[in-house]
Amino acid sequence: MAPLIELNHVRHAYATASGPVPVLDGLDLSVNEGGFCAVVGPSGCGKSTLTRLIAGLLIPDAGEVFLHGDRVRGPRSTVGMAFQNPVLLEWRTILQNVLLPLEIVPGALKGAAAIDRARSLLSLVGLEGFEDKRPSELSGGMRQRASLCRALVHQPEVLILDEPFGALDAFTREDLWQTMHEVKEKEPFTGILITHDLRESLFLGDQVVVLSGRPAHTQFVLDNTRSHRPTLDDLYTPEAAERLAILRHQIEIAQGRIPQEATT
Amino acid sequence: MSPTLRKILVPTIAVIIFLILWEALVWAMGWPNYKMASPSDLMPAYSRYWELFLVMGWQTLWRTILGLLLAIAVGIALGMVMGFSRTMRDALYPLLVGFNAIPKATVVPIVALMFVGAHDFNTVLIAFMISFFPIAVSVSIGLSTLEPEYRDILRALGASQTTIFWKIALPKTLPEFFGALKVSVTLAFIGTNLMEIVSPHGRGLGALFDSGKTNSDYPLMFAVLIALAVLGIFLYYIVVALERVFAGWAERQAA
Ligand SMILES: Nc1ncnc2c1ncn2[C@@H]1O[C@H](COP(=O)(O)OP(=O)(O)OP(=O)(O)O)[C@@H](O)[C@H]1O
Ligand SMILES: [Mg+2]
């Protein structure tokens, strides 16, 4: 089976006043349909750039990005995105915010069917009863839940999450991790999760990709497939501790604190 | 006391106290009315000239509103051009700042000479010129500071720039726009009166003020000032009401 998301030797540089800034160089990534790939890497290494390439908001200087075997040449409505900043529109209610993509995507649900879809998503993430509230009336965690619903409402094939839980406190974050698993069971999507939390990457990802420092290439891929849905306790097993140690070690290499040779 | 009653009662009482203090001050200082008219001098002026006040007040009002509407249209257009294009912003900004810095009192005679006889047009033009700047700046800043994520949530779905403008950029800029409009409405009003007073042509409250001056009718001059203040308050609160309707969400957010 061909992977749903595939990046081959992707290179990208930003043009700035002081010349091009290379951000990604030789990045490979492949996620199978229904998979959930967590991406970790040093700060500023190009993780957000990677999400923009997959979303078609940027086109790479070299290399290829494929979705479903089709070369990505621009934005496509089969993608849903959520960021660290929930970017909810303050002048709309929560329900109206979630409906936004359906107003854009051609051939999407309309009218009562659209509202039903949005409502069922909101209740799936535990926001039942908050449909008519304004974003400012919700807590940070609730806003992030609403943002997740908006990213999913048009049933995207690919869900791109760029540090969506980064600004939340530890308990809210763990709640949302579990919500993510619940959502994943009900909604068929293939996910990319950018995170700086190694525990999060192990809890949510069935594959964890470590990017090197800028310009980033794929430094390491950890297979984290599991036979059952993990619980929070699974994060504290010896096996999880071992995987965490591997990831931490890789991050230190990526940060340049340990020379690459020392590992081989 | 209900909140609405309170909202009306408190400012009304404040105005009454202000009038009493004013009257008392003039009385205590023994000022003649050519130095400082008192509120009790104003009533006769209004009752004698009430028809003139209505006609002139209306002229001032419609020319101010027309100038302001023009300022809104041009200000939004300029703001959009500067907000979406860095190059245009760099090119236009110094020009606009320079234009705005010119005291409009110096422009009045030039405009009056350029379009001799076109009184209404001249007045509207000055009202427009003095008031479009805050609108252009606020819209351009509102658009250019839109966080990229706001754009991306729609752009990732293949939305066009126009859709992004209507669905996100415009509504998000409305609070800034109304903030600027509150400044502009007062400025437009000043512009209209400037033209009416500096280059009087027998129309508007400014001309009435000027005729009070030539006839040494001091209570009339003060009565015009108060009438101007009332019109100014009226226009300002129209903008506030519009803001409630179109950008009320921003208030809730701050609360
Ligand atoms: N539009 C741009 N123009 C120029 N340089 C940019 C632009 N966007 C990002 N960069 C630079 O590219 C590099 C990678 O940015 P990116 O946002 O992809 O990193 P990141 O891994 O997501 O960072 P973080 O961990 O802080 O989220 C950074 O050094 C950043 O300064
Ligand atoms: Mg980032």
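View 1. H12(A) is buried, at a relative accessible area of 6% (buried means under 20%, with a 1.4 Å probe and protein chains only). H12(A) lies in strand β1 (residues 5-16) of chain A; strands are DSSP runs of E with at least two residues, and helices are runs of H or I with at least four, numbered from the N terminus. Leaving aside residues up to four places away in sequence, the contacts of H12(A) include V21(A), L53(A), I59(A) and D61(A) (heavy atoms within 4.5 Å). This is a predicted model in which local features need pLDDT of at least 70 and side-chain atom pairs pLDDT 80 or more, while totals for chains, interfaces and linings use all residues. Residues are numbered from 1 along each chain as its sequence is written, and side-chain values use heavy atoms, without hydrogens and water.

**View 2. Strand pairing around β4(A).** β1(A) and β4(A) (residues 62-67) run antiparallel, joined by 5 bridges (pairing requires at least two DSSP bridges). Here N8(A) is opposite E64(A). β4(A) also pairs antiparallel with β5(A) (residues 70-71) over 2 bridges, and F66(A) faces R71(A). In the hairpin of β4(A) and β5(A), with 2 residues between the strands, H68(A) has a positive phi near 60 degrees.

**View 3. Interface of chains A and B.** Contacts involve 24 residues of chain A and 18 of chain B. There are 2 salt bridges between the chains (side-chain nitrogen of Lys or Arg within 4 Å of a carboxyl oxygen of Asp or Glu). One of them links E103(A) and K167(B) at 2.7 Å, N to O. On the side of chain B that touches chain A, α6 (148-155), α7 (161-198) and α9 (218-254) each give two or more residues; α6(B) gives the most, 6 residues.

Notes: Chains lettered and ligands numbered in written order. Buried < 20%, exposed > 50% of the residue type's maximum accessible area, 1.4 Å probe, protein only.
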